[in-house]
Amino acid sequence: MYSDKVMDHFTNPRNVGEIPDADGVGEVGNARCGDIMKLWIKVENNVITDIKFKTFGCGAAIATSSMITELAIGKTVEEAEQITNSQVAEALEGLPPVKMHCSNLAAEALEAAIEDYRKRTANTAS
Amino acid sequence: MNRIYMDHAATTPVRPEVLEAMLPYFNTEFGNPSSVYSWGRSARKALDSARDLVAELLGASASEIVFTAGGSEGANMAVKGVAWADQGRGKHIITSAIEHHAVLDTVLWLEKQGFEVTVLPVDEFGSVSPAQVREALRPDTILVSIMHANNEVGTIQPISEIGAIVREHGAKFHTDAVQTAGVLELDVQALNVDLLSISAHKFYGPKGVGALYVRKGVRLHPLVHGGAQEKGRRAGTENTAGIVGMAKALELAQAERVDENARLTKMRDRLIQGLQKIPHTRVNGSLEQRLPNNVNVCFEFIEGESMLLNLDLRGIAASSGSACTSGSLDPSHVLLAMGLSHEIAHGSLRLTLGRDNTEADVDVVLQEVPGIVERLRAMSPLYQG
């Protein structure tokens, strides 16, 4: 039911782990529905230089988390926040229809991490 | 890769002896059992023998056996059939929270049609209490439907005791015996049931065929109209090959069940003990009143589907009660009814053993699962090492 690309990211997920001194952390989803994604980002000169994730969830949840780390790394914060869930799904050569909503949260997790990063930098600036 | 199938509660392969018994009825003896010429008579004879055999194995009379297209149809036929036939006497139906959806959804559908429904809770082991059935019975209760053993956690229900209580009251009692046919002794007299449904593909027979026992005197409104087959209780040309296969499969399973259950129980207990060694693991269901082939555990902090995918990559077929595998947003209704949190219920793994499994298969599973759990936990934001 999953594409080869999804299975590739599921079996060899990229950038798993945490960044202890992250510049932004985002978490979305809840245990009730069975998917939680947590993303850590490191930002230097407005560019995402490192990104790591941890995910509790199904195959699609893990694959989308892995894929967004690949899509986001090296991008400016503004570019990264343009990434949408459907772009993540496209990059994975599609997801089963039933997974499009419940397990495709990676873009929201990244958005949350960027928001956290902005809050932190705003605090430092003031 | 050597594949290991441990999902026998989902379905089983057709046994060679069963397939062989079925084959003539697809081509050489293809006649319609209702036809008068020799082809028809041959099919009729096979159908009658199969009915006699199934009846004998269930402790019933041949006229009390209705052939169906499987477990879901049997459950629908029993529940709707009695509800519609007896609605003049009352409109109250009792069932349990852990029924298969074939019963639960049917009862809830009837509720929308104006019937009143009591869904009994279960305890932490997934057991229905006979005392609660007694309390729930009302003068207008017409039907009680409680499964013989649960398909997810394997808990065997006190059907005989519940049946005695329901009989005393006068309501009809149906049990979904889909998971117990060919595994436990199925004597409809000893079980005190009025209706009992089974499905052939759960005991090494073909898919798409089952049987419903309907005690003499129980009125049943048919689901399918349009013919006099099955004494007007189910219209449609009989699935001769399937029915012959089911009878053969049930005969074999009942003959072998005592030895086979001992073998399965040993493997089951070794799996449960082995998996329990993984930290943050809980066993679901009763350890005493349990089907001999059922293992159901929850590994905290991880989700079931990702576990199944990893097992599949290693050639192991299993199932889970996670939302992703239940086809809804909620995890297993059975685990939730037993009081598990959503979070933990998402991490359930069910292994159901069968004829083709060996102790060597158990070794492989016990070797593979801990690593998979560890890997997924290392990836989980809920796990704090």
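I began with the contact between chains, where Glu305(B) forms a salt bridge with Lys99(A), the closest N and O atoms being 2.7 Å apart; for this term I take a side-chain nitrogen of Lys or Arg within 4 Å of a carboxyl oxygen of Asp or Glu. I note that this is a predicted model, in which local features need pLDDT of at least 70 and side-chain atom pairs count only at pLDDT 80 or more, while totals for chains, interfaces and linings use all residues. Residues are numbered from 1 along each chain as its sequence is written, chains are lettered from A and ligands numbered from 1 in the order in which they are written, and side-chain values use heavy atoms, with hydrogens and water left out.

Entry on the pair between the chains.
I looked up where the two partners sit, and the pair runs from Lys99(A) in helix α5 (residues 99-102) of chain A to Glu305(B) in helix α8 of chain B; helices here are DSSP runs of H or I with at least four residues, strands are runs of E with at least two, and both are numbered from the N terminus. Lys99(A) is buried, and Glu305(B) is buried too, where buried means under 20% relative accessible area, exposed over 50% and partly exposed in between, with a 1.4 Å probe and protein chains only. I counted one salt bridge between chain B and chain A, and a search of the whole structure gives 32 salt bridges over all chains.

Entry on the interface of chain B and chain A.
I find 23 residues of chain B in contact with 25 residues of chain A, contact being heavy atoms within 4.5 Å. The area buried between chain B and chain A is about 1800 Å², with carbon and sulfur atoms giving 69% of it; buried area is the accessible area (1.4 Å probe) that two parts lose on being put together, summed over both. In chain B, the residues that lose the most area to chain A are Leu309(B), Met379(B) and Pro381(B), together 31% of what that side buries. Nine residue pairs are in polar contact across this interface, both residues at pLDDT 80 or more; a polar contact is a pair of N or O atoms within 3.5 Å, where within protein one must be able to donate a hydrogen and the other to accept it, and residues adjacent in sequence count only if both atoms are side-chain atoms.

Entry on the two domains of chain B.
The domain assignment, which is automatic or from a database, gives domain 1 (4-11 + 257-378) and domain 2 (16-252) in chain B. Their C-alpha centres lie 28 Å apart, and the contact takes 25 residues from domain 1 of chain B and 28 residues from domain 2 of chain B. Between these domains the buried area is about 2200 Å², of which carbon and sulfur atoms give 52%, and Arg257(B), Leu291(B) and His333(B) supply 28% of the area that domain 1 buries against domain 2, more than any other three residues. On the side of domain 1 that touches domain 2, α10(B) gives the most, with four residues.

Entry on salt bridges within chain B.
I then looked at Glu359(B), which meets Lys266(B) in a salt bridge (3.7 Å, N to O). Lys266(B) lies in helix α7 of chain B and Glu359(B) in helix α12 of chain B, so the pair ties together parts that are 93 residues apart in sequence. Glu359(B) also meets Arg270(B) in a salt bridge (2.8 Å, N to O), and this pair links helix α7 with helix α12 of chain B, 89 residues apart. Lys266(B) is exposed at a relative accessible area of 57%, whereas Arg270(B) is partly exposed at 28% and Glu359(B) is partly exposed at 27%. I also noted a network in which salt bridges that share partners join Arg15(B), Glu17(B), Glu256(B) and Arg355(B).
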